[in-house]
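Open the model in your viewer and keep the selection tool at hand.

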Amino acid sequence: MSAGFAGEARPRGPLTAGERVLLVDRKDRRYLVRLVVAGSFQSHAGVVEHDEIIGARDGCEVVARRRDGGTGPARRFLVLRPTLADLVVKMPRGAQVIYPKDLGAILMAADIHPGVRVLEAGVGSGALSMTLLSAGADVLGYEVRPDFAARARANVTDLLGGAAAYRVEERDVYEGIEVRELDRVLLDLPEPWRVVGHAQDALTPGGILLAYLPTINQTAELRERLARCRFAFAETFEILRRTWHVEGRSVRPDHRMVAHTGFLTTARRVSSRWDEESAG
Ligand code: SAH
């Protein structure tokens, strides 16, 4: 790791043993590989020696050596440090993860910043946790399944090392929230309305609750509960991300897109039932 800026949590400078890189072939197939001294990566294209990558720079090219010593065109790979978005899509997971397009929006909608105290439930594979921690949040996770809790901890440690401000407790958040003075409560589980009362008690005034839900029926149920509690400015939205095909004179939207992932709902903890009073 190079001498760098304060707060540097991820590697930079030349690629080192122990870190993960993406090997990308000409057909844009991507392989996530952890570099090991004297290790090798085997693929359809042949063998790439890790030692050729260790010490090289991010963005370099390597050539795969054919196993049978055969000739034919050399198979080249581009070597890149994975971004957080690459890792979220590629990392080992048990539960469904929140996708990068939604993760980015969550950071802004929940106003995540360094030192903000977040309760996250459930943590699943830790994709949201990794995103929150990368933005500097202090995260306490509640997760009912011990296997997911362990997976999330491992994924976070892989990204940020063991010193991350991250703790996961094996708990059912429907039964209650033990801590107080939280700045944010972020929910990705099937019945977040069962957490609204607990969040009301646990959130500091002005704090934000955010829930991610796959269906609008669930969202409506959450909104009803929020309207009956001390939350104001409830808002529901979704993120539609449409990529474009840009090649020569053919410049148009791609034919396919991920049309639906989930709905995001936010609301702020206030001292009284604002929405009801303003309705008269
Ligand atoms: N946001 C996560 C994925 C969460 S998947 C990510 O980005 O990776 C939903 C998780 O909620 C699952 O791991 C499930 O075990 C957990 N869960 C469901 N009900 C829960 C509850 N009552 N308390 C805590 N965790 C719960």
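Start with Asp28. It sits in the hairpin of β1 and β2 and takes a positive phi near 65°. Five residues lie between the two strands of that hairpin. Keep in mind that this is a predicted model.

Now select residues 20-24, strand β1, and residues 30-34, strand β2. The two strands pair in the antiparallel sense, over five bridges. Pick Leu23 next and look across: Tyr31 in β2 stands opposite.

Move on to β3, residues 40-43, and β4, residues 46-49. This pair is also antiparallel, and has four bridges. How many residues lie between β3 and β4 in their hairpin? There are two. Select Ser43 and find its opposite number, Gly46 in β4.

**Two backbone stops**

Jump to Asp111. It is found in the loop between α2 (100-109) and β7. Asp111 has a positive phi of about 50°, although it is not a glycine.

Display the peptide bond from Ala121 to Gly122. It is cis, with omega near -20°.

**The ligand**

The shell holds 22 residues. Which are the closest? They are Glu143, Phe148, Asp172, Val173 and Asp188.

Color the shell by class. You will find 12 nonpolar residues, five polar and five charged. Next, highlight α3 (127-134) and β8 (138-143): each supplies at least two residues of this shell.

Zoom in on single contacts:

- Asp188: a polar side-chain atom lies 2.7 Å from a nitrogen atom of the ligand.
- Leu128: a polar backbone atom is 3.2 Å from an oxygen atom of the ligand.
- Gly124: a backbone N or O atom lies 3.5 Å from an oxygen atom of the ligand.

How much of the ligand does the protein bury? Taken alone, the ligand exposes 580 Å², and the protein buries 90% of that.

For the last stop, turn on a surface view and hide the ligand. The space it takes is the largest pocket.

Definitions and conventions
Residues are numbered from 1 along each chain as its sequence is written. This is a predicted model: local features need pLDDT of at least 70, side-chain atom pairs count only at pLDDT 80 or more; totals for chains, interfaces and linings use all residues. Side-chain values use heavy atoms; hydrogens and water are left out. A residue is near a molecule or strand if one of its heavy atoms lies within 4 Å of it. A polar contact is a pair of N or O atoms within 3.5 Å; within protein, one must be able to donate a hydrogen and the other to accept it, and residues adjacent in sequence count only if both atoms are side-chain atoms. Accessible areas come from the Shrake-Rupley method with a 1.4 Å probe; for residues, only the protein chains shown count as cover. On a 1 Å grid over the protein atoms alone, a cavity is a set of points where a 1.4 Å probe fits but cannot get out, and a pocket is an open set with protein on both sides within 12 Å along at least five of seven lines; lining residues have an atom within 4 Å of a point. A molecule sits in a cavity or pocket if more than half of its atoms lie within 2 Å of its grid points. Ala, Val, Leu, Ile, Met, Phe, Trp, Tyr, Cys and Pro count as nonpolar, Asp, Glu, Lys and Arg as charged, and the others, Gly among them, as polar. Two strands pair if DSSP finds at least two bridges between them.
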